[in-house]
Amino acid sequence: MSCTRADYPLAETQADAVVGPRGKRLSDITLDAVLDGSITMEDLRITPEALRAQAEIARDAGRSTLAQNFERASELVNVPQDVIMQIYELLRPGRARTKQQLQDAAAMLRTQYGAMSIAAFVEEAAATYEQRGLFTFRF
């Protein structure tokens with residue numbers, strides 16, 4: 001799906017093109033479908049494709065930073081929440097004790113989940129933390 005700002009919001013302009021993890025289109029999600037059990041919570045989860053479409057819209061609207069955030073988010077959809085929270089904790093200043101801890105987290109994101117831009121973000125944080133002396137446990 002190639003999108004421009006004319007496609008915003010996707011729920012209104014592209015409801016048939018937005019497809020959930022189980023293949024249900026956004027337009028298939030109705031109260032009747034929920035009540036008869038044909039729609040589950042899995043159908044309500046966002047997909048990497050939907051986030052990348054949002055990134056295209058943001059980029060077309062001149063919001064490149066927002067587009068990058070949507071692209072990074074698309075990489076995180078399939079990363080387990082506990083892994084995300086562990087890395088989030090490491091990224092808090094003073095939590096990672098060494099640069100290697102962050103580099104290991106980046107390598108894991110890259111190899112296990114294919115999250116290339118998130119891994120690069122974590123590596124950039126590792127370099128910045130090293131420059132600023134943020135690996136010292138502060139509390």
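Biologist: Is Arg 25 buried, partly exposed or exposed?

Modeller: In this predicted model, Arg 25 is partly exposed, with a relative accessible area of 34%.

Biologist: Which residue does Arg 25 form a salt bridge with?

Modeller: Arg 25 pairs with Asp 28, and the closest N and O atoms are 2.9 Å apart. Asp 28 is partly exposed too, at a relative accessible area of 25%.

Biologist: Which residues are linked with Arg 25 in a network of salt bridges?

Modeller: Asp 16 and Asp 28 are linked with Arg 25 in that network.

Biologist: How many salt bridges are found in the whole structure?

Modeller: The search gives 11. Among them is the bridge between Arg 59 and Glu 71, where the closest N and O atoms are 2.8 Å apart.

Biologist: Where are Arg 59 and Glu 71 in the chain?

Modeller: Arg 59 sits in helix 3 and Glu 71 in helix 4, residues 64–76. They are 12 residues apart, so the pair links distant parts of the chain. Arg 59 is partly exposed at 40% relative accessible area, and Glu 71 is partly exposed at 29%.

Biologist: And Glu 89, which residue does that form a salt bridge with?

Modeller: Arg 92, with 3.3 Å between the closest N and O atoms. Glu 89 has 30% relative accessibility and counts as partly exposed. Arg 92 falls in that class as well, with a relative accessible area of 32%.

Biologist: Back to helix 4. Is Ser 74 buried or exposed?

Modeller: Ser 74, which has its place in helix 4, is buried because its relative accessibility is 7%, and the cut-off for buried is under 20%.

Biologist: What does the side chain of Ser 74 reach?

Modeller: The backbone oxygen of Glu 71, at 2.6 Å. That is the Glu 71 that forms the salt bridge with Arg 59.

Biologist: Leaving out residues up to four places away in sequence, what does Ser 74 touch?

Modeller: Pro 48, Leu 51 and Arg 52.

Biologist: Changing topic. What is the volume of the largest pocket?

Modeller: About 220 Å³.

Biologist: Which residues lie nearest its centre?

Modeller: Val 18, Leu 26, Arg 45, Ile 46 and Ala 50 do, out of 16 residues that line the largest pocket. Helix 1 and helix 3 (48–60) are the elements that give two or more residues to that lining.

Biologist: How does the lining of the largest pocket divide by class?

Modeller: There are 9 nonpolar, 3 polar and 4 charged residues in the lining of the largest pocket.

Biologist: And what is the volume of the second largest pocket?

Modeller: About 170 Å³. The residues of its lining divide into 10 nonpolar, no polar and no charged.

Biologist: Which element gives the most to the lining of the second largest pocket?

Modeller: Helix 5, with 4 residues. Helix 5 (81–91) and helix 7 (116–132) each supply at least two. Residues of the lining include Ile 84, Ile 87, Phe 121 and Val 122.

Biologist: What does Leu 26 touch, not counting residues up to four places away in sequence?

Modeller: Ala 11, Ala 15 and Val 18. For Leu 26 and Ala 15, the C-alpha atoms are 5.1 Å apart in space, and the two residues are 11 apart in sequence.

Biologist: Where is Pro 21 found?

Modeller: Pro 21 is in the loop between helix 1 and helix 2 (31–35). Pro 21 counts as partly exposed, at 38% relative accessibility.

Biologist: And which residues does Pro 21 touch, with the close sequence neighbours, up to four places away, left out?

Modeller: Glu 42, Asp 43, Arg 45 and Thr 47. Arg 45 is also one of the residues nearest the centre of the largest pocket.

Biologist: Last one, another proline. Is the peptide bond from Tyr 8 to Pro 9 cis or trans?

Modeller: The bond is cis, with omega near -5°. Pro 9 lies in the segment before helix 1 (10–13).

Terms used:
Residues are numbered from 1 along each chain as its sequence is written. This is a predicted model: local features need pLDDT of at least 70, side-chain atom pairs count only at pLDDT 80 or more; totals for chains, interfaces and linings use all residues. Side-chain values use heavy atoms; hydrogens and water are left out. On a 1 Å grid over the protein atoms alone, a cavity is a set of points where a 1.4 Å probe fits but cannot get out, and a pocket is an open set with protein on both sides within 12 Å along at least five of seven lines; lining residues have an atom within 4 Å of a point. Grid points are joined across faces, edges and corners, and a volume is the space filled by probe spheres set on the points. Ala, Val, Leu, Ile, Met, Phe, Trp, Tyr, Cys and Pro count as nonpolar, Asp, Glu, Lys and Arg as charged, and the others, Gly among them, as polar. A salt bridge is a side-chain nitrogen of Lys or Arg within 4 Å of a carboxyl oxygen of Asp or Glu. Buried means under 20% relative accessible area, exposed over 50%, partly exposed in between (1.4 Å probe, protein chains only). A polar contact is a pair of N or O atoms within 3.5 Å; within protein, one must be able to donate a hydrogen and the other to accept it, and residues adjacent in sequence count only if both atoms are side-chain atoms. Contact means heavy atoms within 4.5 Å.
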